[in-house]
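Please look at the following model with its sequence beside it, and keep both at hand while reading. The report below goes through a few local features, one topic at a time.

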Amino acid sequence: MSEKQSIMDIDTVSLDESDHSIVIIDQTLLPYETKTIHLTSQKQIWDAIYTLQVRGAPAIGVTAGFGMYLAAREIAEKADSFDDFYTAFKKAEDYLDSSRPTAVNLSWALKQMDKVALANRDKSLPEVVEALHQESVRIQEEDIRACHKLGEYGLTLVKPGDGLLTHCNAGKLAATRYGMATAPMYLGQEKGYGFHVYCDETRPVLQGARLTARELMDSGIDTTVICDNMVSSLMKEGKIQAVFVGCDRVAANGDTANKIGTSGVAIIAKHYGVPMYIMAPTSTIDMNTKTGDEIHIEQRNPDEVTEMWYKRRMAPEGVKVYNPAFDVTDHELITAIVTEFGIARAPYTESLKQMMERKAEAGRQQ
């Protein structure tokens, strides 16, 4: 694959039916190299999620769905009964679930696949596998539809020529297409809105600089990378009219977990009166988690801070390192949470409940 090929022309995650593999863009190689890799074993899939070859809550969920389908194919070949099949299937499910603890889409997709397996327990194993195949495809299709709707709703919150800020990567690289935070930017680009988008560098793994900037530039959007600590300066100068970020989990009260540094952006935005919008497919809303205090925050490898991006180590040997992957933004700092079923505003305990009810109703009508 050409290094210059636009990543906008490739789905972030897809299923290759010809060799029964998951095809992903290896995001650890961006922005220097655009390369797709094929994942077939559960170990390969687990490693790809853990090492951030595939990342972003929706993309992880899609990968998990495909991963369980591939696991089911292998398990069914050796199983003598549904009970034998399900025991091994559940083991594979628990294994994949251990790869990233914060993104609720991972466990959500795994639970969806589990429900389908159990709902088809009276059928033959080939029929169970096919039902899981169809569900994995449905999860991907739902992601694509949801992100497009996020873009439509998000676009109603801004106007042509606005300066927009985003943190980390909640773009198409974090989903199948469109992305979450970037969805209104892409739809706006199609309509000639002429947005200027500022991408936080997003330390320590630099998803904003490496990933968001790359995909926005590939789409032709006017893009500027800034260091994380430059946000206040830009807002004070009036160059940012809105902040769009994604999230990995939304609690029932509207607290949101997103890439480390998001809560700081929200505090600064509140000070300058800049609206803070969380772009959240309903698959990231966890009504069983009452507040952000209950969200488990993943601690990453200290090397990401001290040496990953440097030719020589940039901190003394032996120094302690604090490296949480996410932080929680208090709901009081959030202007609105945009879902594919509408825009939720405070009080979020009520509006998020309404969004989930709309989702349930849509499911019943299908």
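## Helix α6 and what follows

Helix α6 is followed by Gly192, whose phi is positive, near 75°; helices here are DSSP runs of H or I with at least four residues, strands are runs of E with at least two, and both are numbered from the N terminus. The model is a predicted one, in which local features need pLDDT of at least 70 and side-chain atom pairs count only at pLDDT 80 or more, whereas totals for chains, interfaces and linings use all residues. Residues are numbered from 1 along each chain as its sequence is written, and side-chain values use heavy atoms, with hydrogens and water left out.

The helix itself, residues 183–190, is mostly covered, since 6 of its 8 residues are buried, where buried means under 20% relative accessible area, exposed means over 50%, and partly exposed lies in between (1.4 Å probe, protein chains only). The buried residues are Ala183, Pro184, Met185, Tyr186, Leu187 and Gly188. They pack against several elements, including α5 (125–155), β4 (163–166) and α7 (207–218), with contact meaning heavy atoms within 4.5 Å.

Strand β1 (residues 13–16) has a covered face, made of Val13 and Leu15, and an uncovered one, made of Ser14 and Asp16. In a regular strand the side chains alternate between the two faces of the sheet. Strand β1 is joined by 4 bridges to β2 (residues 21–25), and the two run antiparallel; strands pair if DSSP finds at least two bridges between them. The bridge partner of Val13 in β2 is Ile24, and among the 4 residues between the strands, His20 takes a positive phi near 50°.

## A buried arginine

Arg55 lies in the loop between α1 (42–50) and α2 (57–78). Arg55 is buried yet has no salt bridge, and the nearest side chain of opposite charge, that of Glu215, is 6.5 Å away. A salt bridge requires a side-chain nitrogen of Lys or Arg within 4 Å of a carboxyl oxygen of Asp or Glu; Lys and Arg count as positive, Asp and Glu as negative, while His and the chain ends are not counted.

What does the side chain of Arg55 reach at 2.5 Å? At that distance lies the backbone oxygen of Asn169, and the Arg55 side chain also makes a polar contact with the side chain of Gln27 (2.9 Å). A polar contact is a pair of N or O atoms within 3.5 Å; within protein, one must be able to donate a hydrogen and the other to accept it, and residues adjacent in sequence count only if both atoms are side-chain atoms.

## Salt bridges

The structure holds 20 salt bridges. One of them joins the side chains of Lys43 and Asp47 (2.7 Å, N to O), which both lie in helix α1, 4 residues apart, about one turn of the helix. Lys43 is partly exposed at 47% relative accessibility, and Asp47 is partly exposed at 23%.

Asp286 forms a salt bridge with Arg249, with the closest N and O atoms 2.6 Å apart. This pair links distant parts of the chain, Asp286 being in strand β11 (residues 285–286) and Arg249 in strand β8 (residues 249–251), 37 residues apart. Asp286 counts as buried at 12% relative accessibility, and Arg249 is buried with a relative accessible area of 12%.

## Cysteines

The structure holds 0 disulfides, a disulfide being a pair of cysteine sulfur atoms within 2.5 Å. The sulfur of Cys168 is 11 Å from the closest cysteine sulfur, in Cys199, so the two are too far apart for a bond.
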